[in-house]
Amino acid sequence: MKRNIMVLLMVVLMVFASSAVFGAGQAEGADQPKVVGFSQCDSQQAWRWAETESVKEEAALRGYTLQYNDAQSSQANQIAAVRSFIAQGVDGILLAPQVTTGFGPVLREAKEAGIPVVLLDRKVDEDPSLFVTFIGSDFVWEGEQVGKIVLEDTNGTANIVELQGTPGADPTIERKAGFEKVVNANPGLKIILSQTGDFNRTKGKEVMEAFLKAEGKNIDVVYAHNDDMAVGAIQAIKEYGLDPGKDILVYSIDGVRDGFQAMVDGDLNALVECTPLLGPQGFDALEAAWRGEEVSKWIKSEDGIFRMEEAAALIENRKY
Ligand code: GZL
């Protein structure tokens, strides 16, 4: 009987000892996990979901507490979310800004509060001292690469319709400018219609339907600022009775799974990649800022160019 009591006592002591060890990590004054606010501009399509997942996964991997806010395509919501992060006294902020203007005041408030801000996937037209860095692609280069492929595939003669991204967004402005560098240098390439589809599949289809109604078989090429609008345009072309990828050549940017599938299906002729997997670099930049280190003002993504013919061999290995 005595022996059983002794054994039971030993077991109880061992259990308390282990929780005390784990408890020691939480003792008063122990470092609490850093808190990072992430203001995402919207969650309306696969590219955005991939970026958000990349940030959430990396926060968990590094043991940070992430405060996530989806602004649902509203800049006002984004500004309110960043203000809320500042009021909470977060240690850092990741911001994917809806548009390039209007963020100056709230970025100044974050700076005055000593909270570093890292821009993900879109730039802002503000004083660079207001943010640590921009992590994202070269959108001018992306638009220019599409222009060069169109030039090659059409031998320099084509009537082009353009589906633009969100008005005022950095990728919209710069993908248009990059593509026009090639068009302006080659008079046989003509942009006959250009309108925003807001990076959205449904709107991309609706705008393409209007383009087809206006110009029909006069259209040789569609240039979409992202895969989602390209997929919408492809649906519209099919419903109109033409063969996308043949009767009308289609080109886009992003490299999401549906973009690759459209190339496998023969509907999309080529795409330029724009990686959304920015979480690791985002936290690297915040950690450098917390260490007081200088960070380059642009951490540029390396993006590939993919043609229809190679898509089938690559699609299974795509990470987003
Ligand atoms: C690009 C990113 C763009 C994507 C779109 O960095 O801002 O926003 O190309 C997304 O698909 O809506």
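In the predicted model, the side chains of strand 8, which spans residues 221–224, are divided between two directions, with V221 and Y223 pointing one way and V222 and A224 pointing the other way. Despite these opposite orientations, all of these residues are buried.

Strand 9 is mostly covered, six of its six residues being buried. L249, Y251 and I253 point one way from this strand, whereas V250, S252 and D254 point the other way. Across the pairing of the two strands, the bridge partner of D254 is E273 in strand 10.

The backbone of D254 also deserves a remark. Most residues other than glycine have a negative phi. D254, however, has a positive phi of about 140° although it is not a glycine, and this residue is placed in strand 9. Because its relative accessibility is 3%, D254 counts as buried. A positive phi is found as well at D121, where the angle is near 65° in a residue other than glycine. D121 is located in the loop between strand 4 (117–120) and strand 5 (133–136). With a relative accessibility of 4%, which lies under the 20% limit for burial, D121 therefore counts as buried.

Rolling a probe the size of a water molecule over the atoms shows where empty space is left. A search of the whole structure finds one cavity of 30 Å³ or more, and the largest cavity has a volume of about 140 Å³. This cavity is lined by 14 residues, of which W47, R48, R122, F199 and D254 are the closest to its centre. The elements that give two or more residues to this lining are helix 2 (46–62) and helix 6 (170–184). By class, the lining of the largest cavity comprises five nonpolar, three polar and six charged residues.

The largest pocket contains about 270 Å³ of space. Among the 16 residues that line this pocket, those closest to its centre are P116, S129, F131, V132 and A289. Its lining, divided by class, has nine nonpolar, three polar and four charged residues.

A further part of the fold is an open sheet formed by six strands in the order 2-1-3-4-5-11, with parallel pairing. Its edge strands are strand 2 (65–70) and strand 11 (298–300), each of which pairs on one side only. Neighbouring strands of this sheet are turned by 20° against each other on average, when direction is ignored. Strand 1 (residues 35–40) and strand 2 pair in the parallel sense over six bridges, and in this pairing the bridge partner of S39 is N69 in strand 2. Strand 4 and strand 5, between which the loop with D121 is found, are also members of this sheet.

Conventions
Residues are numbered from 1 along each chain as its sequence is written. This is a predicted model: local features need pLDDT of at least 70, side-chain atom pairs count only at pLDDT 80 or more; totals for chains, interfaces and linings use all residues. Side-chain values use heavy atoms; hydrogens and water are left out. Buried means under 20% relative accessible area, exposed over 50%, partly exposed in between (1.4 Å probe, protein chains only). Helices (H or I, at least four residues) and strands (E, at least two) are DSSP runs, numbered from the N terminus. On a 1 Å grid over the protein atoms alone, a cavity is a set of points where a 1.4 Å probe fits but cannot get out, and a pocket is an open set with protein on both sides within 12 Å along at least five of seven lines; lining residues have an atom within 4 Å of a point. Grid points are joined across faces, edges and corners, and a volume is the space filled by probe spheres set on the points. Ala, Val, Leu, Ile, Met, Phe, Trp, Tyr, Cys and Pro count as nonpolar, Asp, Glu, Lys and Arg as charged, and the others, Gly among them, as polar. Two strands pair if DSSP finds at least two bridges between them. Axes are lines fitted to C-alpha atoms, for helices over the stretch in contact, and angles run from 0 to 180 degrees between N-to-C directions.
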